[in-house]
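Okay, thanks everyone for coming.

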Amino acid sequence: MQQAKFLSLLAGLAVTGGSRAAWEVNMTEGVTAVSRNIYGLHMTIMTICAVIGLVVFGVMFYSIFKHRKSKGAVPQQFHESTLVEIVWTSIPFLILVLMAIPATKTLVDIYNTDEAEVDIKITGYQWKWQYEYLGEGVSFFSNLSTPTEQIQNVRNKNPNYLLEVDEPLVLPVGKKVRFLVTAADVIHSWWVPALAIKRDAIPGFINEAWTNIDVPGTYRGQCAELCGKNHAYMPIVVEAKSEEEFEQWLQDKKEQASRERELTDKVWSMDELMARGEQVYNKVCAVCHQPNGAGMPPIFPALKGSPMATEANQVGAHVDIVMNGKKGSAMQSFAGQLSEVDIAAVITYERNAWGNNTGEMVTPKEIVEYKKTGVYEEDPARQTMPDNQQASL
Amino acid sequence: MSTVTDSAEGTDVKAHEDHHGPAKGLMRWVLTTNHKDIGSMYLWFSFAMFLTGGAMAMIIRAELFQPGLQIVEPAFFNQMTTMHGLIMVFGAVMPAFVGLANWMIPMMIGAPDMAMPRMNNWSFWILPFAAVMLISTLFMEGGGPNFGWTFYAPLSTDYGPPSTTFFIFAIHMLGISSIMGAINIIATILNLRAPGMTMMKMPLFVWTWLITAYLLIAVMPVLAGAVTMMLMDIHFGTSFFNAGGGGDPVLFQHIFWFFGHPEVYIMILPSFGIVSAIIPAFARKHLFGYTSMVYATASIAFLSFLVWAHHMFTVGMPLIGELFFMYATMLIAVPTGVKVFNWVTTMFRGSMTFEAPMLFSTAFVVLFTIGGFSGLMLSIAPADFQYHDTYFVVAHFHYVLVPGAIFAIFAATYYWLPKWTGHMYDETLAKVHFWMSFIGMNLTFFPMHFVGLAGMPRRIPDYALQFANFNEISSIGGFLFGTTQFLFLFIIIKCIRGGEKAPAKPWEGAEGLEWSVPSPAPYHTFTTPPDVK
């Protein structure tokens, strides 16, 4: 263990800035012009502080060692000097003015969000990020992908433990990208150190930021504003690709989205809905309601055995709360977050998993209808579906 | 400054004491209006809260010892970080300074007691009830406050636990206690100074507390307003901070930090006063630049009202706002620098000895200055985009609060303990206490600069692997610092129970009226005002 640490220390010394060594002690230089400017400001002000510190502490420790009673030091009587006071008021003031000039320049640059070539809306949710490529019709959620077993120390941790997601934000290099940052519930903060962007995501506000990445690569960050229980578990991963690769990726995403939409028209069986529902549940719902449906009352109610998820006349209410959320609670509106298929699947799963065993299923078509009318009604066609009976899991 | 007194004064007071000694039994403490009794109660309360908040810090450091979740769940971890902050700010640091003010200000200005002794009693007795209410939330359904000591809306309103209402009332009570304490201190200093004790002759501790008390009166009502608006949002359907109802979550932060930034100085200005008494005493040399110290303190207090939004550089303020708050914040470095230069110059060509009060004060100057440097770095708005809400900030404010506020309180305790108890404390043990605290504190908080710069956000129970090594070191340092404080308790109790008899003035170079009365200070001092030349 000790040896491993020593080796990683050596590795840390050998690799230059931006490395992810375990003994990293400084800010990353990053991969944009702005991030390098900020790094420069950071190093300048730190150096100034270090020099002032050396002088002040130098005098102080000189006194501490020389002017001791035990060394026969006799106290002097001076205790006032207007000149000295003026000098040590003015010199720091001048240093600050000199420091303020480059800081102001960098800040003005950071605030210039004009002429962006790509616009991306970032929305913070408890506890995930949504990325929308404005004008492209591409939108997806980015969730932590580190398995729970690693967090619970049952399995060994990945190198990118807690800094990995199921779907990264993909950006082109060499283009000015503008971010519009907001939140759907509480305040979050979107932070990627390599881009030197930290912008609070605030419900009801849209904050702007921009970047222009020089180097292709994968850059990792985390939510920087306390946003509740799983604040530590909503990382950000940015993949910067060349322009051609980025266009190709965007094209693939668009095709994938249209294939998703076709799934709504398919006739779904109970088993299919349950299988998909379990996936959706574990990805989206389990953070609060727990994988076993027991929740964490009273903040996050249990679904297992709850009236809403078990009583036949409550299906409508169940659909309603998943679609629209519950005001004044952490229960979000999922109508815009999940596809009709996913919503139907997850409600079906919640009504049949963990011994809820209602045998009821909700179909994607019913959700589509609900979206149109705002009222949940059973689709008469689904009564005839064959495997309704084997619902009890 | 003021030189003192004839020995007749001392015997006079002693004779007087026989007639008006403290009452017997428990009711002495419940009903007391004596500034020394109330000061002692404040200090004991503060120490109890220091251990409570410290225990929470130990839980935090234990969980952060390694990546992964080992000891607590994230929901409970958030309650620990929140309560640690609230208890240390409102329970430990602020009451400790009020306790020192109660004990020392009347004795320093030659007053018989505080100006409003009954209100003084009430100010104190609100505190234990407020603290019990706050801590009881941990045992309520849904747990205690879990939204950070800054309780940003809407996490604390729409998304807060049911116990938030108790938290709000606890804050109200703590605020009322602070405001009454502040009024009392101002009234005492302005009205009860002995003849000849002009403002510019007052010890700096009195000056810094006078300014602190004005800060308290200015900002505690703002905090009360903020939590009242939260209460309305939670229970009465208003939308002060709810964007969905036309409110503004950023407004909450503006209000909070308009309180919060002066609050930061409330926790440091009295420390400035303490070290400005101790350093001259142990350098056997007058404080350098008394007048400039007074003006620097006043400037810092004034600027503290103009810099609140530097806690909010990332909320998306307009450029002009960012620039204003950046410049104003940088400006604070000037008067703060003046203070540090004055202390160093006071030491220069003195004749120093390093008893425990001086050790803590010297460490204060060095480590507080390091905290000041990181504060200056944080003031640079573009760089703050990288520092904000990381462990760099945690390192920064612990460097100004632990060696700033806490070390100054330790220094003050050792400095005046002989006056309070009539016994000298055990100097050897006190030095052990100092060195273990010093090493523990630096081991805990210095590595936090590194992990913060390397990208570790604050307020997380679990972290990426590259932060593991420094977190382990921080935790070990934290445990060292934490356990060392039991030694402090032992030293105090030992000193109360006995020890070498303390003379009226146990420190060769000490100045001030408090050293003109016998040790221990009689129950009533300065019933007739002393002559201040």
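Before I get to any pairs, one term: I call two strands paired if DSSP finds at least two bridges between them. And keep in mind that this is a predicted model.

So, with that term in hand, look at chain A. Strand β6, residues 188-192, pairs with β7(A) in the antiparallel sense, over five bridges.

Now zoom out a bit. Those two belong to an open sheet of five strands in chain A, with the order β4-β10-β9-β6-β7 and mixed pairing. Which strands stand at the edges? That would be β4 (169-172) and β7 (197-201) of chain A; each has a single partner strand, so one side of each is left without a neighbour in the sheet. From one strand to the next, the twist averages 25°. And there's a helix on this sheet: α5, residues 243-262 of chain A, lies across β4 and β10 (235-241) of chain A, running at about 140° to β4(A).

You get both around strand β5 of chain A. To strand β1 (residues 118-125) of chain A, β5(A) is joined by seven bridges, and the two run parallel. There, Thr123(A) has Thr182(A) in β5(A) as its bridge partner. Leu180(A) stands opposite Glu208(A) in β8(A). Is β5(A), residues 177-183, mostly covered or mostly open? Mostly covered: five of its seven residues are buried.

Let's go to helix α8 of chain A, residues 315-324. The buried residues here are Val315(A), His318(A), Val322(A) and Met323(A). They cover an arc of only 125° around the axis, which puts them on the same side of α8(A). What do the buried residues of α8(A) pack against? They pack against α7 (307-310), α9 (340-352) and α10 (364-373) of chain A. Just after α8(A), you'll find Gly325(A) with a positive phi of about 75°.

In contact across the interface are 81 residues of chain B and 82 residues of chain A. On the chain B side, the largest share comes from α11(B), with 14 residues. By type, that side divides into 52 nonpolar, 20 polar and nine charged residues.

Staying in chain B, the axes of α12(B) and α15(B) come within 10 Å and cross at roughly 10°. That makes α12(B) roughly parallel to α15(B). Among the residues making the contact are Leu359(B) and Phe360(B) of α12(B), plus Phe434(B) and Phe438(B) of α15(B). Seven residues of this contact are nonpolar, two are polar and two are charged.

Last stop: Met202(B), in the loop between α6 (164-191) and α7 (204-235) of chain B. Buried or exposed? Met202(B) is buried, because 24 other C-beta atoms lie within 10 Å and the cut-off for buried is 20 or more. Leaving out residues up to four places away in sequence, Met202(B) touches Ile109(B), Met197(B) and Trp207(B).

Methods
Residues numbered from 1 in each chain as written. Chains lettered and ligands numbered in written order. Predicted model: local features only at pLDDT ≥ 70, side-chain atom pairs only at ≥ 80, totals over all residues. Buried ≥ 20, exposed ≤ 12 C-beta atoms within 10 Å, placed from the backbone. Helix = DSSP H or I, 4+ residues; strand = E, 2+ residues; numbered from the N terminus. Arc of directions from axis to C-beta. Contact = placed C-beta atoms within 7 Å. Nonpolar A, V, L, I, M, F, W, Y, C, P; charged D, E, K, R; others polar. Axes fitted to C-alpha atoms, helices over the stretch in contact; angles between N-to-C directions. Parallel < 35°, antiparallel > 145°, perpendicular 65-115°, else oblique.
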